[in-house]
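Visitor: I'm new to this one. Could you put it up and walk me through it?

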Amino acid sequence: MQARNDALRWIQGLAKEHKNAAWISGESSAAKHAKVAKPFAIINPFNGEKICDVVESSREVVDQAAAAALHAFTSGPWPKWSRGDRVTALNKIAAEMRKHHHELAALETLCNGKTFRESFDDDIPEAASVFEYYAGWIDKIYGETCPVEKGFLNFTLREPVGPCGLIVPWNFPLLLACWKIAPALAMGNTVVVKPSPQTSLSMIRLAEIIHDAKILPPGVFNVVIGGVETGEALTRSNDIAKVSFTGGTDTGRFVLKGSAESNLKAVTLELGGKSPNIIFEDAKNLEAVIDRSYQATFSHKGEKCSEPTRLIVHRSLHDKVVKGLVARAEKTRCGDPFAETTTQGPQCFEAHMRKILDYIESGKHEGATCVTGGTRDTSPGCEAGYFIRPTIFTGVKPEMRIFQEEIFGPVLAVTAFDTEEEAIKIANGTRYGLAAGLYTADADRAIRVAQKLDAGMVFVNRYGCYDFASPFGGFKQSGWGKEMAIHSLESYTRTKSVWFSVAPN
Ligand code: NAD
């Protein structure tokens with residue numbers, strides 16, 4: 001496949017040209033830090049073979065990136081740029097990403113394992129579009145005039161926050177980073193982005209693309225590479241004014257700690273989920289409901305934060321729904337994520353696959369019934385990869401680990417209910433509150449239940465809608481703050497209140 005070959009050719013040149021490391025002020029830091037370089041091997045989850053090494057960024061490198069972002073924010077040409085210049089820059093980034101659509105999609109698939117179709121059709125077009133969306137907002141952010149006492153004029157200014165540390169996970173590597181980069185740059189901030197090391201190639205490539213196209217002044221867009229240590233260095237940097245974090249709930253606590261123990265930088269958190277999907281007895285068009293529920297749960301091989309991993313189905317429909325889901329699961333074809341016939345790629349890395357398998361064992365051990373899957377897929381072509389068959393458990397009780405804990409893989413827990421009250425109680429019964437769905441033909445019930453579900457996003461009669469214009473983010477231990485729409489822009493600005501005495505005294 002041409003896209004994969006192009007991506008592999010670029011990867012071969014990476015180490016040779018010393019570009020497989022942090023990008024600071026438009027330059028790769030690999031050559032500069034060659035003597036202290038700590039390699040991280042990126043493994044292809046489809047065959048277990050090494051793709052290449054990237055160089056982890058030490059604390060010193062993170063400090064350099066943060067200092068470059070601070071310098072560009074305070075003294076570079078960037079703060080003097082007009083709004084129009086920023087609009088042009090964001091639109092150019094989108095255009096360059098589209099120009100490199102095939103290659104970026106191939107890099108995502110090589111490192112993450114999701115099918116090329118998912119990377120190509122979903123992730124890269126969305127990642128490019130979000131720059132255009134936020135380019136359109138740049139001249140539409142207003143302050144207020146405040147109704148204070150006579151003799152004064154009081155108004156607010158919306159200012160950029162400063163250098164922002166953007167930390168993202170490996171499941172939608174480029175897309176989730178662009179959700180943060182686009183609004184941050186739109187509001188005039190500078191950024192230091194930290195992807196997960198396993199999926200860092202697309203971000204390194206984006207840094208190179210932005211540099212080659214001369215889109216941004218030096219220091220505005222920086223990338224650091226690495227895992228826990230690199231992330232901690234970024235959250236603890238005194239040059240960073242804000243961290244926007246997407247990742248696991250427990251890691252989110254470390255991010256908060258890093259902020260609390262350094263300069264109390266602002267923090268937004270998009271964390272884990274264990275979202276419920278309720279099917280009431282009057283749900284219309286059951287086949288479509290089953291289709292959508294299957295897709296929402298198992299696409300991107302179940303590695304999605306808002307996927308509905310707990311299906312709460314009315315007892316009268318239970319057997320029919322489970323039968324439909326099992327039939328779809330059994331048709332799933334694991335295999336080479338670049339092959340057109342493949343419908344499910346490998347899990348992103350080996351340790352993650354093992355964690356999912358442990359959860360599957362815990363479900364069996366705790367007494368749930370595994371009605372399909374429950375094992376690795378080692379069919380021809382899959383032997384060396386990190387494949388897990390789509391797995392469905394029935395008879396899942398609220399106290400079981402597979403009901404309470406985020407598995408982040410192709411594993412669905414099904415629980416039957418009898419009354420609306422019971423369904424709501426089951427749905428709200430975890431520490432998470434990212435998303436929730438419900439299917440019913442009764443509009444009164446839909447509104448009543450949507451109001452009672454303790455989740456940041458509620459989907460009625462179609463699970464998993466998403467649009468840049470609608471806020472994205474969770475309640476409870478699924479996070480703080482919202483992304484998308486005006487909400488991201490608010491989180492990348494600070495509000496200054498200016499008092500103006502009409503008659504000086
Ligand atoms: P993770 O928490 O392990 O890692 C996320 C990022 O944080 C990575 O870049 C990682 O290197 C970095 N990191 C790790 N330890 C750190 C530390 N101590 N300080 C600072 N940074 C650190 O998560 P993951 O395994 O990469 O991703 C899966 C998790 O992400 C799931 O819980 C999933 O639900 C969540 N997620 C949430 C959303 C959302 O929008 N709510 C979206 C996607 C994924």
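Visitor: How far is an oxygen atom of the ligand from a polar backbone atom of G248?

Guide: The separation is 2.8 Å. A polar contact here is a pair of N or O atoms within 3.5 Å; within protein, one must be able to donate a hydrogen and the other to accept it, and residues adjacent in sequence count only if both atoms are side-chain atoms. Before we go on: this is a predicted model, where local features need pLDDT of at least 70, side-chain atom pairs count only at pLDDT 80 or more, and totals for chains, interfaces and linings use all residues. Residues are numbered from 1 along each chain as its sequence is written, and side-chain values use heavy atoms, with hydrogens and water left out.

Visitor: What about K194 and G247, how far are they from an oxygen atom of the ligand?

Guide: For K194, an N or O atom in the side chain is 2.8 Å from a ligand oxygen. For G247, a backbone N or O atom is 3.4 Å from a ligand oxygen.

Visitor: How much of the ligand does the protein cover?

Guide: On its own the ligand has 850 Å² of accessible area, and the protein covers 90% of that. Areas come from the Shrake-Rupley method with a 1.4 Å probe; for residues, only the protein chains shown count as cover.

Visitor: How many residues surround the ligand?

Guide: The shell has 29 residues, with V168, G248, T251, L271 and E406 the closest. A residue is near if one of its heavy atoms lies within 4 Å of the molecule. By type, 14 are nonpolar, 11 polar and 4 charged. Ala, Val, Leu, Ile, Met, Phe, Trp, Tyr, Cys and Pro count as nonpolar, Asp, Glu, Lys and Arg as charged, and the others, Gly among them, as polar.

Visitor: Which element gives the largest share of that shell?

Guide: Helix α8, with 3 residues. Helices (H or I, at least four residues) and strands (E, at least two) are DSSP runs, numbered from the N terminus.

Visitor: Why does the ligand lie between domain 1 and domain 2?

Guide: Because domain 1 (2-271 + 482-494) and domain 2 (276-469) both give residues to the shell. The bounds come from an automatic or database domain assignment.

Visitor: New topic. How many aromatic pairs are there?

Guide: There are 15. Rings of Phe, Tyr and Trp (its six-membered ring) pair if their centres lie within 6.5 Å; planes under 30 degrees apart count as stacked, over 60 as edge-to-face and the rest as tilted. W170 and F408 are edge-to-face, because their planes are at 75°, with ring centres 5.4 Å apart. That pair ties together parts 238 residues apart in sequence.

Visitor: Is W170 buried or exposed?

Guide: W170 is buried, at 12% relative accessibility. F408 is buried as well, at 13%. Buried means under 20% relative accessible area, exposed over 50%, partly exposed in between (1.4 Å probe, protein chains only).

Visitor: And which residues form the aromatic cluster?

Guide: Y133, Y134, W179, Y466, F468 and F472. W179 counts as buried, at 4% relative accessibility, while Y466 is partly exposed at 33%.

Visitor: Last one. What is phi of H300?

Guide: About 50°, a positive value although H300 is not a glycine. Most residues other than glycine have a negative phi. H300 is in the loop between α10 (286-298) and β13 (310-314) and is buried, with a relative accessible area of 6%.
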